[in-house]
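Here are some notes for you to read alongside the coordinates.

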Amino acid sequence: MRWMRWTVWGGFWLAVLVPPAPAQQAAEPPPVSEQTEECLGCHESDTPGIVADWRTSRHARTSPAMALARPPLERRLSATDVPVERRGVAVGCFECHGLNPERHQDNFEHFGFRINTVVSPNDCRTCHPTEAGQYLASKKAFAVDNLEQNPLYHTLVETITATRTVRDGRPVPAPTGDNTRNKTCFACHGTRVEAKGLKTVVVDGDELRVPNLTNWPNQGVGRINPDGTQGSCAACHSRHGFSIEMARKPYTCAQCHLAPDVPAWEVYRESKHGNLFSTHQAGWNFDAVPWRVGTDFRAPTCAACHMALLAAPDGEPIVQRNHDFGGRLWVRIFGLITSHPQPKYGGTFTIRNAEGLPLPTTLDGKPALEHLIDAAEQARRQGEMKKVCLACHGTSWADGHFAQMARLNADTDKMVLAATDLVKRAWELKLADPANPFDEAIERKWVTQWLFYANSVRYSGAMGGPDYAAFKYGWWDLTRNLEEMADSIELKAKARR
Amino acid sequence: MRWMRWTVWGGFWLAVLVPPAPAQQAAEPPPVSEQTEECLGCHESDTPGIVADWRTSRHARTSPAMALARPPLERRLSATDVPVERRGVAVGCFECHGLNPERHQDNFEHFGFRINTVVSPNDCRTCHPTEAGQYLASKKAFAVDNLEQNPLYHTLVETITATRTVRDGRPVPAPTGDNTRNKTCFACHGTRVEAKGLKTVVVDGDELRVPNLTNWPNQGVGRINPDGTQGSCAACHSRHGFSIEMARKPYTCAQCHLAPDVPAWEVYRESKHGNLFSTHQAGWNFDAVPWRVGTDFRAPTCAACHMALLAAPDGEPIVQRNHDFGGRLWVRIFGLITSHPQPKYGGTFTIRNAEGLPLPTTLDGKPALEHLIDAAEQARRQGEMKKVCLACHGTSWADGHFAQMARLNADTDKMVLAATDLVKRAWELKLADPANPFDEAIERKWVTQWLFYANSVRYSGAMGGPDYAAFKYGWWDLTRNLEEMADSIELKAKARR
Amino acid sequence: MRWMRWTVWGGFWLAVLVPPAPAQQAAEPPPVSEQTEECLGCHESDTPGIVADWRTSRHARTSPAMALARPPLERRLSATDVPVERRGVAVGCFECHGLNPERHQDNFEHFGFRINTVVSPNDCRTCHPTEAGQYLASKKAFAVDNLEQNPLYHTLVETITATRTVRDGRPVPAPTGDNTRNKTCFACHGTRVEAKGLKTVVVDGDELRVPNLTNWPNQGVGRINPDGTQGSCAACHSRHGFSIEMARKPYTCAQCHLAPDVPAWEVYRESKHGNLFSTHQAGWNFDAVPWRVGTDFRAPTCAACHMALLAAPDGEPIVQRNHDFGGRLWVRIFGLITSHPQPKYGGTFTIRNAEGLPLPTTLDGKPALEHLIDAAEQARRQGEMKKVCLACHGTSWADGHFAQMARLNADTDKMVLAATDLVKRAWELKLADPANPFDEAIERKWVTQWLFYANSVRYSGAMGGPDYAAFKYGWWDLTRNLEEMADSIELKAKARR
């Protein structure tokens, strides 16, 4: 049996020690296009930071042709071909900022070149069509319309972000500009960036004409771009290093998926998985494609469970890459207002529930089934996620985890319904006005119940991090909040008499 | 004097540069047992992640015999001998999961082997008897009973975790299952895992019979295991790497010791020590045994102060390893309800105070002295902790720190008593019902005072991180909360008239 | 053009690969002074941790003479000469603790040497006069007086930190000692450390006479030292490694600049810059002087924007080092009580607004202009900061960012004024007593508006991290808090009738 032992160990060390693609490190960098060389000529000294950043990137070290020559599983581009003039050169300034000039409102003449300020998912699609396609159908790409075109969410945004003046002892909303909206909700969701002609900026004492962009800068996930597309790849693949390492580390998702409303990052950080990541990440390989469980990394990050192409140490694929980040999700634990099956499509603003409200569930928790994925699709997606779990856990563990999670979702939904019963009572007693269901103190407590506390518990149920189910925006607060709502109604009702 | 300078420097560089045990890195890995090889034969492809994780572990690279051959101070096992059939092989799957089959309810037949799903502290005791013994006598091992068997804490748990329905405008507790308890309090404290016969799971299309475990998965510190023991070593030494590095980094303790109730992690992170750790950890050696102050690490983590075997750079021991994590603690700053001397034993659920309540202090702060360590033992433990301080700080600094901490504890205790006076007033005025002292809004404010704010201040006093003594759950909140309690009582009293 | 491409790349790789100063790593360590050798003789075993820490420091590896021999831009000391007896030796124990004995109240005889326990900025000035001078004029150096000598802030401190007893159902402040003040506000701001003669401590069974220091230990930024100076360099350059790496990583600033009142760290961590730092820091050079954008680091930390000497990859300086951390700031987003231009000088306790209050703005937001920098100085400072932005961003981006930030500041100021209108109403209706404007519940809500929520939004506007502008102490809370203030006034007014 001794040979067997060495075989087993041999396979392991082979996987650990042999670099997945020796050529990768050693290859001579591709030539830089003449256009990009001219860009670099000035920007090397004008904006040295981003030029140096780009030089560390794979874009600077690989041409599309070199990338296409790699084995399919190791490819980081999904195009089967790219335009000939871009095929053999590094992916430099002009290769991205010079794409599709005719579609770009923000195209302008810049020292003899036609340049777009904003690079859009449609531009990235040149080399990454599968990723762009998945992304553009996802909820992320519709992040602006899903707030703006949904009358309820629109009201919530306006209620939160309008400045107030005090009249007769009550705060009254004042008309407010785009700015606060852009720096709050739409900082993550994305702003509407349009090019309103050109404007003059002064650079090193010289005047320069550049596009006059509205609501700029912004890198929200659903940004409306000057070429009419939706989304920003730079939200996760930060300019100009575009590193896969960054997208795979949880700090990127943590820019937006944060407590109190979406505590994914904090819950992950407090979980066993997060602990393993924090402790051991320095020894992991965040750059390998495919990403091999156990050899490249030893505990999942956000990207591992939700989107990355994963493989076993021997290279056998486990799950495929998916830039629709809900693609492995069956239930939506971000309650609106209770948990519910994932929506069928990214543009959720068209959903109407049985009460006619633009929500995936009624106020008493009945799901708007025709807009939500069915049981078969739910099972398929859970099956995808389970493949990730089973790379490290037994079936009994994974099944137990999913069952615990489902029961916890159901329990939190009950706690949301109790809060809804109380806010309805306040409305019935005329202690609050349902015309705007989000502005008064008792209504805020109701929103807090489903948007903060129930979500916290559910994220904790999904990923670990038990304090977010307990004392930190969890059951402690779910129960406390109901008592305070009931007290507040009682006191107000008595004060009125 | 020049020779002296070189001697001093020489000793330093010798300590830094000479690896503590050259053999450690170079040694040929021990053979894998035949049983474990069979496990690996399937699990290499079935659960590749944990197999790869185990292969990085010391368990895979060392046999007990190799470990026993090391100098005593460098040993990571405390057994003086181990069973002959396990002595010469790597500590693999079967070596742990095959232990003590007769004690394990969860023992089952698995492809010709008798396997336990759950490895317990009693199993780990085979090689680590001292550690298991210390742990099993500590508060951690009793973490389940200390909640469940203490009538007051039991009420607190039930009050927080029961779902609610609304009746006549008030939230009413509904009967609730184990699930929410398991995902909140008992996620950290541990669940009761019993094997209820076998069940069938489907793995890759094949049916498999495995133990039907209750309340599974769980890795809480006081988990009741199917062999009747209490505790889970995997709570800190995560499967299947079992790395000492992980247990020594604060992220592990941070899974449970978190704000708002036990803000040890956040306070540490904001402290000077935490800053030094965050800044410099990449250059430290978290694997060395003993752990040498100044050369292996330059600022303490949780493990350094509370449990690790520490030595000076020359190898001279400073403090001994202790898996009773309270072993260097004299005062318990986690107030129940005020700060008090540490309890004498791990099973605190038997404590009764002078009022007959299962608390280490009365509601007005009188300690239940016969259950708590006496002044001599307090002095001994503080002496142990002071040895750690003195590795880097002068005596005047350390004494000053301890004195500041003691005064801060006393001040926070006064603030707890003030809150207790107010909640008693609410009870006397019949504005709240003391039958359950944890369910009403005014009672929650009282709990918040001692469980969140006073604890935050005391942890900050012990470890630095001053914002947790000030604006972040600290004195700002201690004083604000009293005003709000008093206002709330006044308004309710007036509304009743 | 091929030569051009290689030239461009060549410059980049030259910058990345050629160490800035080869001598730096290779140089033989300087001799240790005879005095310091005697210190080390005992402290090597008495406090081994700090000795080992010091041995890793640049102070141990460089003498002032060696440092003075370096090119000016690479120097870490600003003195043009240092006293002859310290010039040629390592900067060891005695070189710092033996300075200026005549000025130090805490100077004492210690085994034949005259030693100061506390090393002050005036001592560090020996080698670092420019840094000490900038620091000593900054707000940080006046951090104690700026709290203690400002009657309003003094009241705020006393109100937060005094213990309470309950009398007739109301919390009443009790006289309190220095301790809680020292462990809360003054832990960061600094304590008043005076030497009250000598005291006896017991070290290893031997009695030792050491200075009897008040309010010790402390390392607050404005500590009053026993030599009469203000400040503590060790607040950021932690003893005894004194690493520039530490001061450049955000964890150092994070010890004090934290949510809820100064959420600089949390906002940064959630920002794109913070994400880049967290993701890529392991590959950055935090030790290089000057600090080269794009090659040494690829996203700013606190130090990069606010104080470090930055250069382009080719070594061309971008901005100069400044130890007045407000030196590149034009607007003060820490509202007192609204945002306002930066004060002209570090000792802000002398400021009086048009109402005679010791605040830089009136309660309705009118700035105390004669104490604040004028428009020209604001423009100059914004220009300095913009140089940092332009290292990576275009002019249009930077201008857009500054404009968004200014509008957000204005919007938050309106929200502060609305809260002030409400608290004034409570005072007018005699529902609260303005004699102490910080102690009652409604007043606390008012403070929360400007000290927590408005600050959070403004820090988010300045640095990214959008959740701190939205749901996490942001606009959600700015609007909610006004509703709760108005409700509370209404209920109290009705209850009184």
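1. Conventions. This is a predicted model, in which local features need pLDDT of at least 70, side-chain atom pairs count only at pLDDT 80 or more, and totals for chains, interfaces and linings use all residues. Residues are numbered from 1 along each chain as its sequence is written, while chains are lettered from A and ligands numbered from 1 in the order in which they are written.

2. Overall build of chain A. You will find 23 helices and 11 strands in chain A; helices (H or I, at least four residues) and strands (E, at least two) are DSSP runs, numbered from the N terminus. The C-alpha trace spans about 85 × 75 × 40 Å along its principal axes.

3. Burial and contacts in chain A. Of the 497 residues, 56% count as buried. Buried takes 20 or more other C-beta atoms within 10 Å of the residue's own, exposed 12 or fewer, and partly exposed lies in between, with C-beta atoms placed from the backbone. Among contacts between residues at least 6 apart in sequence, 60% join residues at least 24 apart; a contact means that the two C-beta atoms, placed from the backbone, lie within 7 Å.

4. How the copies are related. Chain B superposes on chain A by a rotation of 120° with 0.0 Å of shift along its axis (RMSD 0.0 Å). That is the relation of a three-fold axis. In chain B, the C-alpha nearest the axis belongs to B:Ala495, 4.0 Å from it. A rotation of 120° with 0.0 Å of shift also superposes chain C on chain B, with RMSD 0.0 Å, and here the C-alpha nearest the axis is that of C:Ala495, at 4.0 Å.

5. The interface of chains B and A. Here 60 residues of chain B are in contact with 62 residues of chain A. Helix 4 (residues 48–55) of chain B supplies the largest share of the chain B side, 7 residues. By class, that side has 29 nonpolar, 18 polar and 13 charged residues; Ala, Val, Leu, Ile, Met, Phe, Trp, Tyr, Cys and Pro count as nonpolar, Asp, Glu, Lys and Arg as charged, and the others, Gly among them, as polar. Only 5% of the interface residues of chain B are also interface residues in chain A, so the copies meet through different surfaces.

6. Strand 1 (residues 107–110) and strand 2 (residues 113–116) of chain B run antiparallel and are joined by 4 bridges, where pairing requires at least two DSSP bridges. B:Phe108 stands opposite B:Ile115. The hairpin has 2 residues between its strands, and B:Phe111 in the turn has a positive phi of about 50°.

7. Is A:Thr229 buried or exposed? A:Thr229 counts as buried, with 22 C-beta neighbours inside 10 Å. A:Thr229 sits in the loop between strand 6 (206–213) and helix 15 (244–248) of chain A. Leaving out residues up to four places away in sequence, A:Thr229 touches A:Ser120, A:Pro121 and A:Asn122.

Terms used. Least-squares fit on C-alpha atoms with pLDDT ≥ 70 in both.
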